[in-house]
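Welcome to a short tour of the structure shown here. We will walk through helix packing, strand pairing and a few backbone details.

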Amino acid sequence: MRVRERLPVPVATAVVLGFLGLFFAWPVAAIVGTGLRGDVGAVLAEAETWRLVAFTLGQAAASTLVALIAGMPLAYVLARAAIPGRAVLRAVVTVPFVLPTVVVGMAFRALFGLESSGGVLPIVLANAFFNVAVVARTVGGLWTHLDRRVEDAARSLGASRLRAFTSVTLPALLPALGSAAAVVFLFCSTSFGVVLVLGGGQYRTLETEIYLRTVQLLDLPGAAALSLLQFAAVVGALLVASAARRRRETALRLRAAVDTARVPQGGEWAVVAAAGIVVCGLLAPIVGLLLRSVSTVDGWGFAGYRALLGAGERGTLEVSGLDAALNSVRAAADATWMALLLGLLASFVLVGARRRVVAESVDLVLMLPLGVSAVTVGFGYLITLNLLPGDLRTSPLLVPFAQALVVTPLVIRMVLPVLRAVDDRLRQAAATLGASPWRVRREVDVPLAARAVLGAAGFGFVVALGEFGATSFLVRPDAPTLPVAIARLLSRPGALNTQMAYAACALLVLVTVLAVLLVERLRVRSDAVEEF
Amino acid sequence: MGLDVRGLSVRYGAVEAVREVALSVGDGEVVALLGPSGCGKSTLLRAVAGLERPAAGEVRWDGRDLARVPVHRRGFGMVFQDGQLFPHRDVAGNVEFALRMRGVPRADRAARVDELLELVGLAGYGPRRATELSGGEAQRVALARALAADPELLLLDEPLSALDRMLRERLAVDLAALLGRAETTALVVTHDHDEAFTLADRVAVLARGTVLQVDGPDRLWRRPGDDEVAAFLGCSTFLPAEVRGGVATCELGTVEVAAADGPARLGLRATGLRAQRHSGTGDGPETTGIVRERVHRHDHVRLVVDVPQRGRFEAVAHATEAPVVGEQVGLVLDPEGIALVGAD
C-alpha cells in the first residue's frame with residue numbers, strides 16, 4: 001500500500017474546494033449569471049467596451065514587454081553572476097511585487113509629479129515595476145537549474161558567448177519566459193490600484209470600469225458583462241501559463257542549483273550593468289515615495305506621520321490612521337492563517353496526486369483567484385453572501401476571507417515546488433522504518449517545507465496587508481484598512497490628506513521591506529524550481 | 001520460514017514489470033536479485049517492502065500473508081540506491097529514526113546508535129550532518145539506519161551502485177561480512193554479478209519480469225540454466241560439444257569438464273579462450289587464428305581473433321607478451337572461463 005493512498009485526501013480536498021466554492025466560485029458565478037441575464041449584447045456592441053478592452057490588453061502587453069526586458073538582466077545576475085550582494089539584490093527585486101498596489105500608484109505619482117491628471121506611461125511603468133520580480137525570479141529560478149556545461153559545450157564547438165546564449169540558453173529558458181509572461185500579462189490586465197491611482201479618470205481598464213460601474217453608476221448588469229469578458233481573458237492567460245509550466249517540468253533535465261554562478265567575463269559585465277540600471281529604476285519610486293512622505297509645503301517634516309494619529313482633514317476618515325493600520329494588521333493576520341491552512345492542505349493534496357491531469361487541473365483552479373479580478377470577487381460577495389445564514393456581509397471575517405483567496409495561490413506557489421522537489425523515496429524510506437502515513441508527513445514533508453511555509457506566511461501577510469481590490473468593496477466605512485484609507489484620503493482635497501496618504505504608504509513600504517528581508521533570510525536551499 | 005513470494009505480478013498500466021515470480025528466502029539467508037536494468041528486480045523488491053501493490057500473487061512472511069500489512073508495519077528494513085538519508089537530521093537522527101517510530105526511550109536509542117555506527121565503521125559520526133557525508137559514508141549510514149530496529153528482513157536496492165568502483169568493491173566485501181556476522185535475512189537487488197556473488201548465498205537471475213534461475217553463486221557461474229542466463233553472466237560464444245571421460249571436444253579443441261558422457265553445450269567467456277604467440281612450427285595448439293582487435297584490460301589483454309572457417313571469437317592473452325593486431329596466434333580452451341549451459 002502506498003504512503004499517500006491512506007491519507008484522508010478526500011477530507012482535505014473537500015475543505016479546500018468547499019472554501020473555494022463558497023468564497024470564489026459562487027460569487028464569480030453569480031456575477032457571470034447576472035451578466036448573462038442582463039443585456040450582454042448591448043454592452044458588447046458599445047464601441048466604448050471595445051476601447052476599454054483594447055486599452056486593457058494594450059497596456060498589459062506593453063507592461064509585460066517592459067517587465068520582460070527589465071527582468072532578464074536581473075534573472076541573469078540572480079542565476080549566473082557570482083558577484084557580491086546578490087542576496088540584497090534578490091530582496092530589492094522582490095519588494096515591488098509585494099508592495100500594495102495603491103502604494104505603487106502613489107510612488108509613481110510622486111515620481112512623475114502627477115497630482116491629479118493621469119498618464120499612460122506611468123501606468124505601464126508602474127505595472128512593469130510590480131512584475132519585474134515575477135520575470136526575474138521565475139526565469140532566474142529556472143536558469144539556476146540549467147546545466148551550465150551545455151553552454152560550455154556550445155562554446156567549445158565554436159559559438160560566441162552571445163550565440164551560445166541565443167542558441168542554447170534562451171530556448172531552454174523559453175518555458176519560464178512563457179510562464180512568466182503569461183502571469184505578468186494576467187496581473188497587468190487585472191491591475192486595479194495602479195490604474196485607479198494613475199489613470200486619473202481618463203485612462204480606464206476593464207477592472208477599474210467594473211468598479212466604477214458598480215460603485216458609482218450602480219450599473220450592475222453592465223459591470224457583470226465586463227466581468228464576464230475579463231474572466232474569459234484570465235482563463236486564457238492561465239491556460240497559457242500552465243502549458244508553459246508543464247513544458248518546463250518535462251522538457252528539461254534540471255540540475256541541483258549548485259555553483260552554476262561564476263564571475264562575469266567580458267560582455268557579461270554589460271548585462272550586469274543593465275541589471276544595475278534596472279535596480280536603480282526599481283529603487284527610484286520607493287525612494288521618491290519616502291522623500292515625498294517627509295516633504296511638506298513647509299519643507300521637510302513629519303506632519304503626515306503625525307496626522308496619522310487623527311482622521312484626516314475635516315474628518316475625511318471615520319477612524320484615525322492608526323486605527324486603520326490596526327484594522328489592516330488584524331485582517332491580514334486572519335487572512336494569513338486562513339491562506340496557510342488552505343494552501344498547505346491544497347499543497348499536500350496536489351503533491352500526492354499521482355494522475356498528472358488531476359494535479360494540473362486542480363492546480364489551475366487554485367490559481368484562478370490570483371487572476372480573476374479581485375473587484376469581481378468583491379462584487380460577487382455583495383450579491384451572494386447575504387443568502388447565507390448569519391449574514392456574513394457584516395462579519396469582520398469577510399475581508400480576511402477575500403484576502404485569503406488572493407493569498408492562497410501564493411502560498412501554494414511557494415510551498416508546492418518545495419514539496420514536489422522532495423524525493424518520494426525519502427517518504428518511502430520513512431515508511432519502511434515504521435512511520436505511518438501521517439507520521440511521514442510530520443517527519444519528512446513538514447520539516448523540509450517549514451522554511452518555505454514561514455516564507456509564504458511572511459509574503460502572504462504583506463500581500464493581504466496591501467490587498468486593495470476586493471477589500472475596497474467589502475470593508476465597512478467605519479473600519480477601513482490602511483490601503484482603503486489611503487485611497488479615500490487621496491479622493492478628498494486637502495494638502496494634509498495627501499501628506500497623510502504618503503506617510504501611510506511609507507509605513508506600508510517599511511513593513512513590506514521588513515517582511516521581504518525576513519522571507520529572504522528564510523529562503524530554502526532546495527532543488528525546487530522557483531515560480532510564482 | 002522466512003520470506004515466501006508466490007505467483008507475484010506487478011503491473012504499471014499495461015506493462016507487466018513483474019510476472020508470476022516465485023521466490024523464497026530462508027531465515028538468515030542472503031538472496032540476490034540479479035538482472036539487467038529494467039528487468040523488474042527493483043519492482044519485485046519494492047513489492048516485498050509493500051511500496052508497490054501486486055496485481056496478483058502473494059508475499060508471505062513466516063507463513064503470514066502480508067497483503068493487508070502496510071509498509072510501516074512490515075518490520076522490513078530497506079536501503080535505497082542513493083541512501084535517501086533525511087537531509088534535515090544529523091547522522092544519529094537518521095540512524096535512530098526507526099527506534100523513535102517504535103517509541104524507544106532516548107537513552108536506549110543513543111546506545112543503539114553508537115553500537116550501529118561502530119558496526120558500520122563510522123563510530124563518532126553521530127553529530128555530523130547527513131548532507132555532508134561522502135557517498136560511501138552515506139550508504140553506511142543508510143545501512144545502519146535500516147538495521148537499527150532489528151528488521152526481520154533487510155531489503156537492499158542497488159545499495160552500492162551509486163559509488164565508484166574501488167569503493168564499491170571494498171564495501172561489497174564489508175557488507176557481506178556484516179550481513180554474515182549479524183545473520184541477517186536479506187534480499188539484495190543488483191545488476192553487477194560480482195556484487196551478487198560477493199553478497200549472496202543464492203542468486204536469482206531475472207529478465208523481463210520473470211525469474212530465470214535461482215542457484216548458489218558457484219553453480220550459477222558454472223552451470224547456467226540456459227543461453228540467456230549464460231550470456232548475462234558473460235558467455236559470448238556457445239559451442240556444441242561431446243563429452244568422453246571428463247573431456248569435452250568441440251570445434252576449437254578439447255577441455256576438461258565436470259559432466260557426464262554425452263552431448264553438452266559449452267558457454268565460453270572471453271577468458272575461456274587463451275591466445276598464445278604462435279611459433280609457426282607444428283608443436284603449438286591445433287587451432288590458430290589472426291588477431292583483429294586488441295584492447296588492454298587491467299590485468300590482461302582482450303583480443304578478437306579470426307579463426308579460418310570457424311568465425312570470430314573473443315580471447316584473452318597475458319599482458320606481458322600480448323600479440324599485436326595481424327599476428328597469428330594459437331588458441332587453447334581454459335576450463336576456468338567455460339560454463340556448461342543447461343546440462344545436468
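Predicted model: local features only at pLDDT ≥ 70, side-chain atom pairs only at ≥ 80, totals over all residues.

**Another hairpin**

Next come β9 (residues 202-207) and β10 (residues 210-215) of chain B, antiparallel strands joined by 5 bridges. If you look at B:Val203, you will find that its bridge partner in β10(B) is B:Asp215. These strands form a hairpin with 2 residues between them, and B:Arg208 in the turn has a positive phi of about 50 degrees.

**Two open sheets of chain B**

One open sheet has 5 strands in the order β13-β12-β11-β14-β20 (chain B), with antiparallel pairing. Its edge strands are β13 (253-256) and β20 (338-340) of chain B, each of which pairs on one side only. From one strand to the next, the twist averages 40 degrees. Within this part of chain B, β11 (residues 237-244) and β14 (residues 262-268) run antiparallel and pair over 7 bridges. B:Ala241 has B:Ala264 of β14(B) as its bridge partner.

Another open sheet has 4 strands, in the order β2-β1-β4-β5 (chain B), and its pairing is antiparallel. At the edges are β2 (15-25) and β5 (64-65) of chain B, each pairing on one side only. Strand β4 (residues 56-61) of chain B pairs with β5(B) in the antiparallel sense over 2 bridges, and B:Arg60 stands opposite B:Asp65 in β5(B). Helix α1 (residues 41-49) of chain B lies across β1 (3-12), β2 and β4 of chain B, running at about 115 degrees to β1(B).

| Strand pair | Bridges | Residue pair |
|---|---|---|
| β9(B) and β10(B) | 5 bridges | B:Val203 and B:Asp215 |
| β11(B) and β14(B) | 7 bridges | B:Ala241 and B:Ala264 |
| β4(B) and β5(B) | 2 bridges | B:Arg60 and B:Asp65 |

**Positive phi in two loops**

Most residues other than glycine have a negative phi. With that in mind, B:Glu158 deserves a look: its phi is near 45 degrees, a positive value in a residue other than glycine. B:Glu158 sits in the loop between β7 (153-157) and α6 (165-181) of chain B. Is B:Glu158 buried or exposed? Its relative accessibility is 8%, so B:Glu158 counts as buried, the cut-off for buried being under 20%.

B:Gln309 also has a positive phi, near 65 degrees, and is a residue other than glycine. Its place is in the loop between β17 and β18 (311-318) of chain B. With a relative accessible area of 79%, B:Gln309 is exposed, as the cut-off for exposed is over 50%.

**Helices of chain A**

Turning to chain A, the secondary structure comes to 22 helices and 2 strands. Of the 532 residues in chain A, 57% are buried. Among contacts between residues at least 6 apart in the sequence of chain A, 83% join residues at least 24 apart.

Two packed helices are described by the angle between their axes and the distance between the axes. Helix α3 (residues 47-80) and helix α6 (residues 120-145) of chain A pack at an angle of about 40 degrees, their axes 5 Å apart. That angle makes α3(A) oblique to α6(A). The crossing of α3(A) past α6(A) is right-handed. The residues of this contact divide into 22 nonpolar, 7 polar and 1 charged.

The axes of α10 (residues 206-215) and α16 (residues 374-384) of chain A come within 9 Å and cross at roughly 25 degrees. Angles under 35 degrees count as roughly parallel, and α10(A) and α16(A) are therefore roughly parallel to each other. On the α10(A) side, the contact is made by A:Glu207, A:Ile210, A:Tyr211 and A:Thr214; on the α16(A) side, by A:Ala374, A:Val375, A:Thr376 and A:Phe379. By class, this contact has 5 nonpolar, 2 polar and 1 charged residues.

Note on methods
Residues numbered from 1 in each chain as written. Chains lettered and ligands numbered in written order. Heavy atoms only, no water. Axes fitted to C-alpha atoms, helices over the stretch in contact; angles between N-to-C directions. Parallel < 35°, antiparallel > 145°, perpendicular 65-115°, else oblique. Left-handed = near helix turned anticlockwise from the far one by under 90°. Nonpolar A, V, L, I, M, F, W, Y, C, P; charged D, E, K, R; others polar. Pairing = 2+ DSSP bridges. Buried < 20%, exposed > 50% of the residue type's maximum accessible area, 1.4 Å probe, protein only. Contact = heavy atoms within 4.5 Å.
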